Amino acid sequence: MNIRPRRFDHPDAVKLNDQVQLEYAERYGDEGDVTPLDPAMFDPPHGLYLLAYDEQERPVATGGWRTQDRNPEGYEDGDAEIKRMFVIPEGRGRGLARRMLAALEEDARAAGRVRMVLETGDQQPEAVALYISCGYTVCEVKFGHYRTYDSSICMAKPLRQP
């Protein structure tokens with residue numbers, strides 16, 4: 001797998017985003033994730049968007065982080081928020097999500113962020129299991145676009161040792 005930085009509006013990123021939206025819609029019975037996102041949110045040094053390509057140069061995984069600081073949606077100063085973590089069904093079970101997550105954490109840490117946060121949902125048990133296995137814990141106080149939804153699960157991981 002070859003991981004490369006790309007803009008959130010790159011054609012391959014759009015293709016995978018369309019796929020993940022269909023999966024969200026199927027799992028939750030709605031229109032998918034409607035969190036407002038702008039490609040500039042992922043531009044370094046305030047974020048990063050990555051795509052993973054297989055040996056045939058097909059996009060197989062995606063993920064990004066964006067800067068968040070204290071705001072009315074419940075984020076804290078120094079947060080880096082994971083968005084659009086996704087591996088195509090044919091690529092699952094090969095450690096791609098774990099590698100993507102590690103690359104995003106490393107970049108956010110290098111950018112001075114102190115905590116990685118994310119929202120997932122109760123219809124994504126494999127995502128919850130991945131994050132827990134990578135050191136994330138469920139947050140008592142929810143944040144983000146879906147913080148008022150019962151199905152929302154907010155998780156965090158310190159990026160620096162105390």
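Reply: Accessible areas here come from the Shrake-Rupley method with a 1.4 Å probe, and for residues only the protein chains shown count as cover. By that method the accessible surface of the protein comes to about 8,400 Å², with 53% of it belonging to carbon and sulfur atoms. This is a predicted model, in which local features need pLDDT of at least 70 and side-chain atom pairs count only at pLDDT 80 or more, while totals for chains, interfaces and linings use all residues. Residues are numbered from 1 along each chain as its sequence is written, and side-chain values use heavy atoms, with hydrogens and water left out.

Three helices and seven strands make up the protein's elements, where helices (H or I, at least four residues) and strands (E, at least two) are DSSP runs numbered from the N terminus. From the N terminus on, their order is β-α-β-β-β-α-β-α-β-β.

Buried means under 20% relative accessible area, exposed over 50%, and partly exposed in between, with a 1.4 Å probe and protein chains only; across the protein, 47% of the 162 residues count as buried.

Two strands pair if DSSP finds at least two bridges between them. Strand β3 (residues 59-68) pairs with β4 in the antiparallel sense over seven bridges, and Ala-61 stands opposite Val-87 in β4. Strand β5 (residues 115-121) pairs with β4 in the parallel sense over three bridges, with Met-116 in β5 as the bridge partner of Ala-80.
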